[in-house]
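I opened the notebook to record what I looked up, entry by entry, and to keep the cut-offs beside each term.

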Amino acid sequence: MIGTARLRRRRVSASAGAALTLLCALLAAGALLVILGYVVVQGIGAVNWAFLTQLPRPVGMTGGGVGNGILGTIIIIAIAAAMAIPLGLLTGIYLALFGRGTIPEALRFLSDVLSGVPSIAIGLFAYTVLVAPLKHFSAFSASFAFMMLMLPLLVRTSEQAIRSVPQTVREGALALGMSNFRATMRVVLPTARPAIITALLLAIARVTGETAPLLFTAFGSQFWETNPGRPMAVLALQVFNYAISPYANWQAQAWGGALLLIVAVLILSLGARYMLSQASRRLES
Amino acid sequence: MTASATPAIAPPETVLATDDLSAYYGTHQAVGNVSIAFRRQAITALIGPSGCGKTTLLRCLNRIHELAFDACVSGRVLFDNADIYEWGTDPMAIRRRIGMVFQRPNPFPTLSILDNAVAAGGRRLNRRAKLEVAERALRAAALWDEVKDKLSRSPLQLSGGQQQRLCIARAVAAEPDVLLMDEPTASLDPIATAVIEELMASLANQFTLVAVTHNMQQAARVSDVAAFMLADESRTGRLIEVDDTAKLFTKPSDRRTEDYITGRFG
């Protein structure tokens, strides 16, 4: 038998532990909410239709917007995704299907290292191979840097997604006489698709707010630039430039831009959550 | 109830046989030196306690065993008198003629019921031909009436028993000669099990069936021939006895078979 005094002490320490963990959870969530709230309060005043659709105006003139930065962000990420998806997905398929041995292990290790490389170092690399030799900044060099940032996430998550498809489903396809490749394309990949789309959305969210690699790749622009071979405006870059400027008008626009970035990441994350729920539903069968 | 009820058109003959077949996972020998012949258009039941190698033996018969990372096989599997393990034999061609139904229903979750039924050859078919193939296969699997109005739906909406019959239809649509079944009713309720057992009997008119089961009543009910396997001291599955089901269950010639079917172990 356990004495009542000891029992009470245990009960007290258990509730103290529960209270401590709850407090930490509230602190973490609270900090996030404060940041979100602060950005909304500061930025909401700057966001209006003109802000979303117009070009920036020079110092001294009021109004203007970040329309070209929004367009540039979309173009640069679209090009980055178009390069990263096939490369990352095929590597993920390779690792999932032939994942044993030295080469796959080396690939996994390299991919993990790449995911830990600071984004500014990746930006410098893009500068070295795509900007310096061509002697001008370009949106494409920013896409290249973004691709390098998205790649490790896509490789590892698509490998996981394919592995999470039950072996019985794959065997069912092979037992019908399908080739390994056809079984993967027709049966395994479609089953893993929601999880792969989740990974893609998270990878996009990851680079949406990246600023460091843009400083010496996309560089920025005051115009409606759509040619990826030339310097291009990017929202995150505009936020950075406006925020460090001494003009109150620009600083307000920086908050507005930050709000847009947070909203974009929020939407991407919600989309990812939705796709993930679809994925688990599909795998439950 | 099956082969005995239908007049024997052809004399019992062998379509598939193993010759001194052993199967390994790494260094562990899971099946040891099994030689067994499977009679054409009959149901052969592989019975025995858990871990006796019956599923591994079955998976050697369509070269699915070798998909496991460290699996290998020695000996021969003769299909139409040719060794399916002979160097240069295409496992995909073998698997098209020796179909398989798994322990748990495994319909392809992203394909419609129709596309599941024709998955083996759907790529080359137009919609009309697809429907024809699917109807024939689904009728053969006794599922057509239940799904004919929802062919474009997801197979995950079907019950477990229906899903298993869809998997049988999928295998039948490939027009194999042999159907391997790995405990096809293990995950089903008694009513769905009865439906599948009835289906097996009707499929035996057309195909050679080899079914793994650990349910002895089921083996006694549905099979024409029964093979009893048992693991030895080193956990290697050995074939103890093969005989007509009626004989094996009433007058087994091996003491260990008798012990097993009378429930003394396993």
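I took helices (H or I, at least four residues) and strands (E, at least two) as DSSP runs, numbered from the N terminus. I was working with a predicted model, in which local features need pLDDT of at least 70 and side-chain atom pairs count only at pLDDT 80 or more, while totals for chains, interfaces and linings use all residues. Residues are numbered from 1 along each chain as its sequence is written, chains are lettered from A and ligands numbered from 1 in the order in which they are written, and side-chain values use heavy atoms, with hydrogens and water left out.

Entry, chain A. I found 10 helices and 0 strands in chain A. Chain A has a radius of gyration of 24 Å, well over the 19 Å that the globule rule gives for 285 residues, so chain A is more spread out than a compact globule; the radius is taken over C-alpha atoms, and the rule is 2.2 Å times the number of residues to the power 0.38. Of the 285 residues in chain A, 41% are buried, where buried means under 20% relative accessible area, exposed over 50%, and partly exposed in between (1.4 Å probe, protein chains only).

Entry, A:Ser221. I located A:Ser221 in the loop between helix H8 (180-208) and helix H9 (235-243) of chain A, and I noted that A:Ser221 counts as buried because its relative accessible area is 13%.

Entry, salt bridges. I counted a salt bridge when a side-chain nitrogen of Lys or Arg lies within 4 Å of a carboxyl oxygen of Asp or Glu, and the count over all chains comes to 24.

Entry, B:Asp224. Which side chain of opposite charge is nearest to B:Asp224? I found that it is B:Arg39, 6.1 Å away, and that B:Asp224 is buried yet has no salt bridge; for charge, Lys and Arg count as positive and Asp and Glu as negative, with His and the chain ends not counted.
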